[in-house]
Every structure is written in structure tokens, then in C-alpha cells.
Amino acid sequence: MKIRGAVLLGLMILSTVAVAGVKDTVHNFSSSAASPNAFFWGTSQVCVFCHAVHNADPSSQALGNHEVNRGQLYTMYTSNTMDMNQTASPNEGSLICLSCHDGTIAVNSLNNLPGPEGAGTYGTPGGAGLDASGRLTSASHAFVGTDLRDDHPVGVLYDATLDPNFHAKTGNSQLYPDKLLSEGIYVECTSCHNPHDNTYSNFLVESNSGSALCLRCHIQ
Ligand code: HEC
Ligand code: HEC
Ligand code: HEC
Ligand code: HEC
């Protein structure tokens with residue numbers, strides 16, 4: 001009985017994980033119910049706003065389908081106490097997020113239209129977070145903009161040998177802090193966020209209770 005109970009509980013946990021997918025989050029732009037501030041009438045696909053199975057952007061990390069502004073100049077975070085090296089602009093693990101969150105590109109600006117055979121449409125924007133052309137505006141709490149001076153630094157080449165207040169890299173992508181590093185080396189938006197899953201709210205990769213997420217990299 002006990003074993004059966006444990007199995008059942010396991011299955012229940014599994015199924016809870018399975019339903020907490022991107023379609024139930026505000027990143028489902030085909031649904032005004034899931035994403036009341038930002039949706040597109042006339043499209044039923046979910047993944048297509050970020051991924052394409054063909055004709056994806058070859059420079060992207062994961063078959064990216066959203067237009068990314070690689071020429072966009074971002075004002076990077078600076079401070080006197082930064083010890084690690086920072087790239088002049090954010091890398092792929094941030095560019096995809098910023099492509100919508102900096103407010104310069106429409107949420108439905110895609111490489112490859114929802115199919116089949118072009119039968120889908122880009123949809124008509126709705127919701128208070130978007131302007132008439134489908135760009136995120138400062139009316140949305142999720143607007144980040146192009147000035148990143150007020151955001152946690154991104155484009156940082158993680159190197160604890162330059163700052164003793166950080167955990168050393170393990171060289172194993174399954175272990176912290178490496179697990180959180182974009183392309184295995186950078187601190188980017190995807191270090192702290194998983195755009196598919198809102199279990200921990202704000203699309204965090206894990207709970208930040210007790211600042212646990214911060215302490216995966218920072219020692220204090
Ligand atoms: C709002 C944008 C967005 C939507 C919608 C989205 N994804 Fe993603 N996806 C991303 C980003 C960004 C990455 C890259 C993550 C990284 O670099 O760590 C990614 C990565 C992936 C990966 C690579 C493995 C991983 O998890 O890192 C897979 C597989 C994937 N997505 C599948 C899907 C599927 C299937 C859907 C639809 C059900 C979907 N995604 C919807 C943004 C999105
Ligand atoms: C295709 C466009 C698009 C991409 C790509 C995208 N987002 Fe979003 N995101 C949005 C929109 C639109 C909203 C909803 C804004 C609103 O409701 O006002 C949103 C909401 C959010 C929120 C708020 C969640 C909440 O519960 O209110 C967070 C956090 C977020 N996104 C982070 C990210 C991160 C990090 C990435 C990259 C890994 C990313 N997004 C990629 C368009 C996008
Ligand atoms: C070091 C970790 C970390 C990085 C890197 C990071 N975020 Fe966040 N982000 C968070 C945390 C933690 C929250 C939740 C803040 C809260 O609860 O007040 C958050 C909240 C947000 C929100 C919700 C609105 C808000 O301001 O609270 C958005 C949108 C967002 N992040 C987007 C981004 C984007 C885009 C990037 C990359 C440019 C990024 N984040 C990089 C940790 C991070
Ligand atoms: C993926 C690793 C990682 C995570 C997770 C992370 N950080 Fe950071 N953080 C860094 C790195 C790397 C730097 C740049 C350090 C340097 O250059 O010396 C940094 C810089 C900072 C700075 C600026 C320090 C300065 O000298 O100007 C603050 C503040 C900060 N982080 C707070 C946080 C908080 C709060 C959280 C949790 C929400 C968090 N960080 C999560 C890696 C991380």
C-alpha cells in the first residue's frame with residue numbers, strides 16, 4: 001500500500017510538472033486568457049513566437065524564430081566593484097528575451113509564419129501591455145527597455161578567480177554554478193529565467209526563497 005501510495009504521489013507530481021508548461025503562462029501569446037496583456041488574435045500556436053522547426057535563425061541558441069536585433073545598442077550595467085569581464089553587448093541567452101522585452105521589436109515579428117503552408121497569420125495584437133504594432137510598452141510591468149544599467153549585469157564572462165565572493169566553476173554543466181551559465185560561460189537572462197515555466201513566478205529557473213538562486217553563484 002505504502003509503495004503504491006508513493007508511486008501515485010510520484011505520478012501526481014509528474015503530471016503537475018507536465019501541465020505547468022509554457023501554454024499556461026503569459027508567454028502563450030495565442031491566448032487572451034493565458035496572456036491578457038499581450039496576445040494575438042488569429043494564431044493558435046504557442047512555440048512559434050520563439051521557435052521554428054525550419055528556417056530558424058541559425059545564430060540563435062535554440063532554433064529561434066523571433067526577430068532579434070543584433071545591432072541594437074544596449075547600455076550595459078557598470079559599477080566600480082565589478083571584477084569580471086563583460087561583453088560590450090548581451091549574448092544569445094539575453095538577446096532573445098530582450099528582442100521582446102526591450103520594446104523595440106513586435107512580439108509577433110517572426111522569421112517563419114505559423115503554418116501550415118503560410119495558412120497561419122501573425123495575428124492582431126491585443127492587451128494593455130502592447131502598442132498597436134505589437135511592441136511591449138512601458139505600460140507593462142515586464143518592460144525592460146534598452147537601458148540595462150538598472151538590471152542585474154548580463155554579458156558577464158563568469159570567472160570566480162577574479163572575485164573570491166563567487167563559487168568556482170565546476171567544469172560540469174549539471175552542477176552549479178555552471179548549470180546556470182548561458183553557453184557554459186556567461187551570465188545572461190536565461191541564467192535566472194526559464195521562459196517556459198512559471199512555477200516559481202517571474203519565470204525563475206528555481207525558487208529564490210532565502211535568496212537561494214543568488215547564492216548559487218554569489219557566496220555572500
Ligand atoms: C517566450 C519565448 C519562448 C516560447 C513561447 C517557447 N520557448 Fe522554448 N526556448 C526559449 C528560449 C529563450 C530558449 C533558450 C533557453 C536557453 O538558452 O537556456 C528555449 C529553449 C528551448 C529548448 C531547448 C532546451 C531547453 O529547454 O533549453 C526546447 C526543446 C524548447 N525551447 C522547446 C519549446 C517548445 C516545445 C515550446 C512550445 C510548447 C517552446 N519552447 C516555447 C523561448 C521560448
Ligand atoms: C516573443 C516575445 C517574448 C520573448 C522572446 C520573451 N518574452 Fe517574456 N514576456 C513577453 C510578454 C509580451 C510578456 C507579458 C507582458 C505583460 O503581460 O504585460 C512577458 C512576460 C514576462 C515576464 C513576467 C511574468 C509574469 O508572471 O508577469 C517575465 C519575468 C519574462 N517575460 C521574462 C522573459 C525572459 C527572461 C525571456 C527570455 C528567456 C523572455 N521573457 C522572452 C514577451 C516575450
Ligand atoms: C541574476 C538573476 C537574474 C538575471 C540575470 C535576470 N533576471 Fe529578471 N528577474 C530575476 C528575479 C529574481 C526576478 C524577480 C524579482 C522580484 O520578485 O521582485 C526577476 C524579474 C524579472 C521580470 C519581471 C518584472 C520585474 O522587473 O520584476 C522581468 C520582465 C525580467 N526579470 C526580465 C529579465 C530579462 C529580460 C533579463 C535579461 C536582460 C533578466 N531578467 C535577467 C532575476 C534575474
Ligand atoms: C548565474 C550566476 C549568478 C546568479 C544566479 C546571480 N548573480 Fe549576481 N552577479 C553574478 C556575476 C558574475 C556578477 C558580476 C560580478 C563581478 O564582475 O565581480 C554579478 C553581479 C551582481 C551585483 C553587482 C555587483 C557589483 O559589483 O556591482 C549584484 C548586486 C548582484 N549580482 C546581485 C544578485 C542577486 C540579488 C541575485 C539573486 C536574485 C544574483 N545576483 C544572482 C552572477 C550571478
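A polar side-chain atom of His 196 is placed 2.8 Å from a nitrogen atom of ligand 1, a polar contact being a pair of N or O atoms within 3.5 Å. The model is predicted, local features requiring pLDDT of at least 70 and side-chain atom pairs pLDDT 80 or more, while totals for chains, interfaces and linings use all residues. Side-chain values rest on heavy atoms, without hydrogens and water.

His 51 likewise approaches ligand 1, with a side-chain N or O atom 2.7 Å from a nitrogen atom of the ligand. Residues around ligand 1 (one heavy atom within 4 Å) include Val 22, His 27, Cys 47 and Cys 50. This shell comprises 7 nonpolar, 4 polar and no charged residues; Ala, Val, Leu, Ile, Met, Phe, Trp, Tyr, Cys and Pro count as nonpolar, Asp, Glu, Lys and Arg as charged, and the others, Gly among them, as polar.

In ligand 4, the iron atom has His 152 (NE2) and His 218 (NE2) as protein donors, 2.0 Å away; donors are N, O and S atoms within 2.8 Å of the metal (3.2 Å for Na, K and Ca). The two histidines are 66 residues apart. The arrangement is octahedral because the 6 donor atoms subtend angles of 87 to 179° (six donors, opposite ones over 155 degrees apart and all others between 65 and 115). His 152 is exposed at 52% relative accessible area, whereas His 218 is partly exposed at 27% (buried, under 20%; exposed, over 50%; partly exposed, in between; 1.4 Å probe, protein chains only).

An oxygen atom of ligand 4 lies 2.7 Å from a polar side-chain atom of Thr 81.

How values were computed:
Residues numbered from 1 in each chain as written. Chains lettered and ligands numbered in written order. Polar contact = N/O pair within 3.5 Å; in protein donor to acceptor, adjacent residues only side chain to side chain. Tetrahedral: all angles 85-135°; square planar, octahedral: opposite > 155°, others 65-115°. Helix = DSSP H or I, 4+ residues; strand = E, 2+ residues; numbered from the N terminus.
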